[in-house]
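Hi,

Here is the structure I promised to pass on.

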Amino acid sequence: MSAQKKADLLKQGTLELLTLRLLRQGPLNGWDIMQRIRVASGEVLTITPGALYPALHRLEERGLIKAEWTASENNRRAKFYELTRAGRKQLETERETWRRFAGAVDAILKDA
Amino acid sequence: MMGRLRRRLRALLQRGEADRELEEELRHHLEREAGLNVRAGMSEGEARRAARRDFGGVEQAKELCREARGVRVFEDLLQDLRFGLRGLRKSPTFTLAAVLTLALGIGANTAIFSVIDALLLRPLPYDDAGRLVWIWGDNRQLGVSQGYLSTGDIFDFGRQSTRLESVAAWTTVPINLVEETRSERLEGILVSPNFFGTLGVRVAVGRDFEPGEGREGRNQFVIISDGLWRRRFGADPGVIGRTLTLDRNDVNSFTVIGVAPPEVKFPLRTDVWMPDFDEEEGDERGGHDLRAVARLKRGATLEQAQDELNIIAGSLERQYPKTNAGWRVTLTSARDVILGTPYRAVWILLAAVGCVLLIACANVANLQLARAAGRGKEIALRAALGAGRGRIIRQLLTESVLLALVGGAVGLLIAWWGVGLLRAMSPDTIPRLRDAGIDGRVLAFTAAAAVFSGLAFGLIPSIQSSRPDLMEALKAGGRGTSVAGGGRRTRGALVVAEVAVTALLLVGAGLLLKSFWLLSNVAPGFKADHVLTAGISLSRDLGAQTPERHKALFSQAIERVRALHGVETVGAISHLPFGGRGVNLPFTLPGREPSPDADATRAELRVVNPEYFEAMSVPVRRGRAFNAQDTDSSPKVLVVNEAFAGMFLRDSEPVGRRLRVNLRPGFEGEVVGVVGDVRHRGYDAEPRPEIYVSYMQNTVWPVMNLVLRTGVEPGSLAPEVRGELERVAPTAAVFNVRPLNDFLSDSVAERRLNLLLLLVFACVSLATAAAGIFGVTAYTVTQRTHEIGIRMALGARPGDVLRLVVGQGSRLIMCGVGLGLAAAFVVTRLMAGLFYGVSASDPATFILVGLSLCAVAIPACYVPASRAARVDPLIVLRGE
């Protein structure tokens with residue numbers, strides 16, 4: 001699978017869903033989110049900063065996440081994002097939608 | 001929602017800080033990435049470079065983030081506005097021309113809209129006015145349409161109808177307000193007690209009439225108008241219970257029980273509402289002399305009520321065959337009646353003024369195109385630097401709307417001035433026009449008109465110039481020729497459109513002008529020049545109780561004014577031509593089988609003095625006029641007009657026939673003369689059969705209008721005449737002391753206003769279109785200087801160049817004229833009701849408009865063409 005195709009797997013909506021899911025465990029930095037997606041997906045899903053940061057700003061604009069500047073490990077200021085209540089709710093609905101969608105696709109693939 | 005707006009605003013206002021934060025966030029990311037790379041074994045520099053490479057376009061990411069925050073829309077707008085203002089400041093001539101053109105267009109539209117708003121859009125002062133309907137009496141056998149009704153029928157409609165909530169009767173009467181020393185003539189209206197309830201009007205002070213108060217003996221109450229209340233009682237709320245001495249048929253005192261709200265001026269101007277007509281008393285069906293207004297039941301439609309009244313009218317006809325034969329009714333919505341003729345005219349004016357705005361837009365669009373051609377390089381540069389096409393269109397449109405808003409602001413001043421002018425010119429028949437003014441709604445309209453025009457004239461040029469051929473434009477250096485080529489066809493189309501719309505307006509104005517001219521030249525049947533009128537309304541009380549006394553007073557008044565210097569002849573008539581009043585009475589021809597229908601033989605009755613016909617220059621066609629020997633003691637005589645003789649006395653010589661007029665007491669006499677027809681009710685009203693009787697023969701009318709033929713300017717005698725009359729009859733009300741010509745001129749005031757407005761619009765658009773053609777030709781010539789220079793170097797003579805340029809312009813103009821006339825052929829049909837004596841497709845008007853438009857437009861392209869013809873080929877070629 002070429003890199004281009006891998007990137008295509010990660011459509012905008014999916015990226016937002018994954019971001020919301022990762023933030024449920026606690027505040028994360030943009031770079032952290034990118035690394036975790038890469039690692040957790042076993043290097044299958046890679047995202048570029050050019051896609052991630054606009055997505056974060058979009059989520060913040062929609063009020064699903066909020067940002068805070070805190071000191072990071074090497075004592076530099078870093079921007080950490082965390083879920084808002086609206087974000088938590090959105091995550092639940094999106095996750096449910098995703099499950100039903102994936103389940104449906106799965107069911108067809110198994111049968112065929 | 002609010003939170004998002006606040007975030008956006010903050011992002012906009014603290015843009016610097018937001019950008020710094022974004023920068024820091026992304027730098028932090030790069031550092032972490034580089035740190036990871038170092039841990040993987042790269043050198044510091046190598047790690048940083050790799051991080052950057054993996055990141056991709058940092059600037060692009062920043063831009064995407066900004067966009068995600070929605071800051072862009074605001075930022076772009078501000079930037080566009082800044083650019084627009086700078087651009088407009090850079091080309092002041094263009095800006096001035098565009099703003100003035102737009103101001104004229106938007107200003108005229110605003111003025112007309114404020115009139116529409118006052119006349120049509122503001123609600124009528126009646127509760128739920130949509131349910132009000134007018135009931136008209138029709139009788140096809142008698143040729144009556146939209147006529148009057150009888151008391152008995154009106155009450156029957158009210159009683160029997162299930163679709164009408166209530167039906168009220170009314171009729172106007174002149175009334176004298178009698179005071180100690182003098183009288184004032186008032187506009188009165190007799191109404192059934194349910195009148196205000198039917199209209200849905202609540203009196204402002206006091207109470208409404210109660211059922212049964214129309215009965216004889218119980219009707220000594222009045223409701224007065226707001227105007228009279230203020231004028232006579234200083235708006236005293238204690239007016240309720242006060243008495244007024246009013247003279248209608250007899251002098252009586254009436255108790256004021258209420259004051260009507262100021263906005264109620266039913267039908268046009270009323271001072272006093274008096275209750276009359278009672279169901280138990282009135283079963284009178286012969287006399288059709290009342291109007292009726294009714295209120296539909298909730299949910300009932302006009303058609304349902306019409307069907308039902310048809311049935312009721314049919315059964316009344318069977319029940320009362322003598323009086324009701326052939327009588328039917330027509331219902332129309334009160335809105336149509338009250339708004340009347342101005343209704344249609346005003347929409348036509350709005351369409352016309354909309355055309356003016358369209359022409360203004362076309363012109364500014366042309367100017368924009370020409371300017372865009374000069375700016376081709378600037379736009380190409382912006383496109384090359386990465387501005388998207390949508391972004392460029394948006395910027396150019398912002399500039400256009402900005403321009404239009406400035407034009408709108410100036411236009412508002414023009415409108416403010418124009419509305420004042422319109423109010424001052426408003427004819428008496430359209431009282432609501434006086435309420436026109438500039439308010440919030442009008443302002444909103446102006447703003448909308450401005451934005452619309454900005455988009456209208458901005459769209460085509462901005463789309464045109466947003467797709468420049470980059471290479472061409474940048475290469476071509478100073479001469480931005482690339483856009484010009486593409487714009488030529490568009491400019492041509494705009495010229496054609498401008499000329500076409502102008503032709504349309506000119507045809508409309510031309511037809512109105514011709515109608516007006518034809519109408520003013522209709523001979524009214526009398527000569528109004530040098531005639532002064534003066535109305536005297538005698539009170540029957542106060543020393544003039546008997547007809548003899550009445551007659552003596554009139555004779556005395558006539559004698560006194562005749563003695564005034566400058567007065568040649570003094571006539572007197574009960575109902576002045578063009579005065580708006582008349583009386584219609586049944587008559588019989590003794591010795592002839594009486595007509596089965598009493599109403600079939602009715603005629604207008606006029607009471608005159610012997611000199612009336614001479615004073616008005618009404619010709620005596622047969623027999624003689626009245627003379628001083630026709631008195632109470634001599635045999636009774638009558639004079640009829642030609643229409644009467646033609647309709648009723650066709651079978652034999654009219655002079656010598658006997659006639660009985662159903663006056664009380666009956667008046668029977670011999671016809672001694674036939675006089676010329678008089679258009680009593682206006683220029684466009686066909687003469688009706690008329691019977692004249694002499695006031696000397698015991699047929700005194702309480703109101704007489706003196707008509708003084710003078711040797712001097714009639715208006716100059718007015719104060720003297722008034723003074724003289726007030727001395728003769730101190731308790732009489734003297735009114736309408738003014739030149740007779742004023743009445744004639746008032747009768748066409750509405751038409752004159754329509755004509756004047758349409759003429760102004762047509763002229764403005766003609767001037768605008770001419771300026772537009774001049775501008776476009778001048779621009780084209782400039783663009784083609786080089787080509788013309790080459791042609792001339794190759795041997796073309798100035799005449800050839802002139803022919804070339806003028807020929808091209810003329811083709812466009814002809815095309816526009818043709819299109820415009822074709823459109824006019826269709827459109828003027830909608831205006832047919834406003835014309836008089838001229839067909840909507842009057843060939844003379846069409847030809848004249850076509851020719852005069854060419855006569856103005858072709859010279860407009862001749863001037864720049866002749867400049868082109870003077871081009872010196874040497875200079876042009878050297879310039880290369």
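Let me start with how the two chains meet. Chain B and chain A bury about 2200 Å² between them, and 50% of that area is on carbon and sulfur atoms. Please keep in mind that this is a predicted model. On the chain B side, the residues that lose the most area to chain A are Glu25(B), Arg32(B) and Arg69(B), which together make up 29% of what that side buries. Counted by residues, 22 from chain B are in contact with 24 from chain A.

Next, the polar side of this interface. The rule finds 5 residue pairs in polar contact across it, with both residues at pLDDT 80 or more. Which elements of chain B give two or more residues to the side that touches chain A? They are helix 1 (2-13), helix 2 (15-39), helix 3 (44-55) and helix 4 (58-68). Helix 2 of chain B gives the most, with 12 residues. Sorted by class, the side of chain B that touches chain A has 12 charged, 8 nonpolar and 2 polar residues.

Side chains of opposite charge can pair when their charged atoms come close. Over all chains the count comes to 45 salt bridges, and 2 salt bridges are found across the interface of chain B and chain A. In one salt bridge, Lys79(A) pairs with Glu25(B), and their closest N and O atoms are 3.6 Å apart. Lys79(A) lies in strand 3 (residues 77-83) of chain A and Glu25(B) lies in helix 2 of chain B, so this pair joins two chains. Glu25(B) is also one of the residues named above for losing the most area to chain A.

Finally, a surface feature of chain B. A nonpolar patch of about 800 Å² is made by Trp416(B), Trp417(B), Leu421(B), Met425(B), Ile438(B), Leu443(B), Leu756(B) and Val760(B). The elements that give two or more residues to this patch are helix 15 (389-425) and helix 24 (749-783) of chain B. Helix 15 gives the most, with 4 residues, and Trp416(B) lies in that helix.

Happy to go through any of this with you.

Best wishes

Terms used: Residues numbered from 1 in each chain as written. Chains lettered and ligands numbered in written order. Predicted model: local features only at pLDDT ≥ 70, side-chain atom pairs only at ≥ 80, totals over all residues. Heavy atoms only, no water. Contact = heavy atoms within 4.5 Å. Buried area = accessible area lost by both parts, 1.4 Å probe. Salt bridge = Lys/Arg side-chain N within 4 Å of Asp/Glu carboxyl O. Polar contact = N/O pair within 3.5 Å; in protein donor to acceptor, adjacent residues only side chain to side chain. Nonpolar A, V, L, I, M, F, W, Y, C, P; charged D, E, K, R; others polar. Patch = residues over 30% accessible without salt bridge, like charges linked within 9 Å, V, L, I, M, F, W, Y side chains within 5 Å. Areas by Shrake-Rupley, 256 points an atom, 1.4 Å probe, with all protein chains shown as cover.
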